[in-house]
Amino acid sequence: VAKLYGIGVGPGDPELLTLKAARILSEVLVIAYPAPLEGQGLARTIAEYLIPQGVTEIPLRMEMTLNRQSANAAYDAGADEINRQLRAGNDVAFLCEGDPLLFGSFIYLMERLHGHAEIEIVPGVSSPMAAAAAAHFPLATQDEAVLLIPATHGEAELERLIASVQTACLFKVGRHLEKIRRVLAKLGRLDKAHYVERASQADQKVLSLDEAIEKGGIYFALVLVGS
Ligand SMILES: C[S@@+](CC[C@H](N)C(=O)[O-])C[C@H]1O[C@@H](n2cnc3c(N)ncnc32)[C@H](O)[C@@H]1O
C-alpha cells in the first residue's frame, strides 16, 4: 500500500528539518506542497536542497489570503491528484512549513484522504519554538500555561484568552498589530511582548510591538506574550 507522508519541514532554517524528513524526501518519487499562484512557496523553498531531480511535483496553488473558496478548490484538486499517485503505488510526501498539525495545510489534505491511504506524519520544529529561541523567551516553567491562538479573534475574545494564561503565542499577526497593542496595554503586558518575524531565517527580526507597528507587520510573524 502506498503511503502519504505529512512532512514538517520546520520554520525556515533548512538545518531545522529532521533527519527523518530528510530520509523520506530522499526516498519518495512524488512530492506535494502548498504554493501561491506563482512561485514555489515557503515549504518547498525550505526543503529545496533535499528534493531529488526528477521527482513528480504536485503544487497545490491557492491565493494566500483568507479566501477559503480558492483554498478548498486547491485542496480538492490536490487530493484527487495525490490519490491517483497513491493508487498507482507511489508514496507521496506533502511538505508543510513548521509542524503539519499546527495550523498546517496538511490537516485539510488529511481530512480529504483519510481512509484512502496509510498516513504517516513527521512532526516538524514549529514556529513558536523557533520564535522563542530567537527571542530567548521561556515558553513555560513549572505550572505555567501556554496558549496558541490566531490573532484574528475579536478584541474582547483576545483579551479574555490572553488574560487566562501566563504565556500566549499569537499567530498570523501581520494585520492585527494595533489591535494586539490595545489589548496588551489594557492588560498591562505591553512590555512583555516580543514580535518575531521569519524566525530561524536569514532575515529574522525580533522587535518590540511598537517597533513592529512602526515597521509594519508581515504574515510570517508571531507575537509572544509573557507575564
Ligand atoms: C498557517 S500557520 C503555519 C504554522 C506552522 N505549521 C507551524 O508549525 O509553525 C502560519 C503562521 O505561522 C507563523 N509562522 C510560521 N513560520 C514562522 C516563522 N518562521 N517565524 C514567525 N512566525 C511564523 C505565523 O504566525 C504565520 O502567520
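Before I start, a note on labels: helices and strands are DSSP runs, numbered from the N terminus. I also note that this is a predicted model.

**Entry 1**

I looked up the largest pocket first. Its volume is about 1,300 Å³. I found 48 residues lining this pocket, and the closest to its centre are M64, F103, K172, Y219 and F220.

Which helices and strands supply at least two residues of the lining? I listed the helices α2 (42-47), α3 (68-87), α4 (106-113) and α5 (127-135). The strands on my list are β2 (30-35), β8 (193-197) and β10 (221-225). The largest share comes from α3, with 3 residues.

I then sorted the lining by class. I got 27 nonpolar, 13 polar and 8 charged residues.

**Entry 1: the ligand**

Where does the ligand sit? I found the ligand in the largest pocket. Around the ligand I noted 18 residues. The closest are E97, S126, S127, Y219 and A221. By class, this shell has 10 nonpolar, 4 polar and 4 charged residues.

Y219 turned up on both of my lists: Y219 is among the residues closest to the pocket centre, and Y219 is also among those closest to the ligand.

S127 uses a polar side-chain atom, which lies 2.6 Å from an oxygen atom of the ligand. Y219 uses a backbone N or O atom, 2.7 Å from an oxygen atom of the ligand. At P11, a polar backbone atom is 2.9 Å from a nitrogen atom of the ligand.

How much of the ligand does the protein bury? Taken alone, the ligand exposes 570 Å², and the protein buries 95% of that.

Terms used: Residues numbered from 1 in each chain as written. Predicted model: local features only at pLDDT ≥ 70, side-chain atom pairs only at ≥ 80, totals over all residues. Heavy atoms only, no water. Near = heavy atom within 4 Å. Polar contact = N/O pair within 3.5 Å; in protein donor to acceptor, adjacent residues only side chain to side chain. Areas by Shrake-Rupley, 256 points an atom, 1.4 Å probe, with all protein chains shown as cover. 1 Å grid on protein atoms, 1.4 Å probe; cavity = no way out; pocket = protein on both sides within 12 Å on 5 of 7 lines; lining within 4 Å. Sits in = over half its atoms within 2 Å of the grid points. Nonpolar A, V, L, I, M, F, W, Y, C, P; charged D, E, K, R; others polar. Points joined across faces, edges and corners; volume = space filled by probe spheres on them. Helix = DSSP H or I, 4+ residues; strand = E, 2+ residues; numbered from the N terminus.
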